[in-house]
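Me: I would like to work through this model one question at a time. Could you begin with the terms and the origin of the coordinates?

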Amino acid sequence: MSEVYGSIDLGGTYIKCAFGDAEGQLLHTETTPTDSHTGPEGVLGRMAALVRMIEAETDLKPLALGIGIPGLVNLREGSTRFLPNFPTQWRDVPVREILVPSLECPVYLLNDVRTATLGELTFGHGSDNCTMAFFSIGTGIGGGVVVDGKLRLGSLGAAGELGHYTILPDGPLCGCGNRGCLETLASGPALCAAGVRLVRSGLAPILHEIAGGDLTLVTPRTMAEAAAGGDKRVEEEILRAAHFLGIGVANVVTTLYPDLVVLGGGVVQIGDLLLKTVRETVEERIGMFPVDEIEIKLSRLGNNAGILGGIALAMKRGLLDD
Ligand SMILES: [Zn+2]
């Protein structure tokens, strides 16, 4: 057995924990509800219990543990700075200090989407010395940037918030307080809200039929199905969101001139229609330099980008040597 590492993906609803090896093979995965109302103590207790459960079931001990955190962290201290969607917002919770004594292995923290970016860099489409931008398009839009093979974080670990590019100066209000952020125009909720409006106004008969009248079944995936089935208005909304995403991609391309842009998260289930529109928008918007050598791809790791990123984070000792 090669070296084994541990990974935790802390989400608002679930905590996912896995052990994996240095080749990115996941050996065992467990999930438990986050129950964030129990506060840092309760949540960290459940994290430690998950790790111990996998240790008991596999008879393996991880060399280190990497944790993807939905917010800002202090990389060096291994503590949280601010988790916007958690009760009490976890200001200055010393996660490493709390977990290390019971787990008896090094513990490293990183923002969750930057962790997914690291996963894609290490085990997905990334390669040594590549320059890459990663967009995670789901409930929100997060991102990460890699320059010359290194994940770049800036002093706050906040570099790469690609979902908060201003795309429409007077657009919808964003959770961050700004107007017209990419996230308000192309995230899962933004797209689904448009789909629900169309169903309610009778303009999306095929989507209505696919969802069986249940508006909670209006998702990026069912919208893509409806568009393929002939719902023109639904297709227009997908193209509109993809076009905005393309402008975001064009902005990061202008900034970094990357070798590669990777699109991940649930919304990319839309597939080719999304990818093609993003590509066309980038070609349309960038005249500064040729863009035909810049690859734009859907994530190779899909839903596992975050958890594999935690494995990579553990392997790379929390990026503290970078
Ligand atoms: Zn924003």
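Reply: A residue is called buried if its relative accessible area is under 20%, exposed if it is over 50%, and partly exposed in between, using a 1.4 Å probe and protein chains only. Helices (H or I, at least four residues) and strands (E, at least two) are DSSP runs, numbered from the N terminus. The model is predicted, so that local features need pLDDT of at least 70 and side-chain atom pairs count only at pLDDT 80 or more, while totals for chains, interfaces and linings use all residues. Residues are numbered from 1 along each chain as its sequence is written, and side-chain values use heavy atoms, leaving out hydrogens and water.

Me: How many of the 7 residues of strand 1 are buried?

Reply: Strand 1 spans residues 4-10 and is mostly covered. The number of buried residues in strand 1 is 6.

Me: Which residue of strand 2 is the bridge partner of Leu10?

Reply: Strands pair if DSSP finds at least two bridges between them; strand 1 and strand 2 (residues 14-21) do so in the antiparallel sense over 7 bridges. A hairpin through 3 residues joins strand 1 to strand 2. The bridge partner of Leu10 in strand 2 is Ile15.

Me: What angle does helix 3 make with strand 9?

Reply: The open sheet of 5 strands has mixed pairing and the order 10-9-8-11-12, with strand 10 (150-152) and strand 12 (295-298) as edge strands that each pair on one side only. Helix 3 (residues 112-123) packs on this sheet, touching strand 8, strand 9, strand 10 and strand 11, where contact means heavy atoms within 4.5 Å. Angles run from 0 to 180 degrees between N-to-C directions, with axes fitted to C-alpha atoms, for helices over the stretch in contact. The angle between helix 3 and strand 9 is about 50°.

Me: Which term describes the orientation of helix 7 and helix 8 to each other?

Reply: Helix 7 (residues 220-228) and helix 8 (residues 232-256) pack at an angle of about 125°, with their axes 7 Å apart. Angles under 35 degrees count as roughly parallel, over 145 as roughly antiparallel, 65 to 115 as roughly perpendicular, and the rest as oblique. The orientation of helix 7 and helix 8 is therefore oblique.

Me: Is Leu168 buried, exposed or partly exposed?

Reply: Leu168 lies in the loop between strand 10 and helix 4 (182-186), and its contacts, not counting residues up to four places away in sequence, are Arg179, Gly180, Leu185 and Phe244. Because its relative accessible area is 31%, Leu168 is partly exposed.
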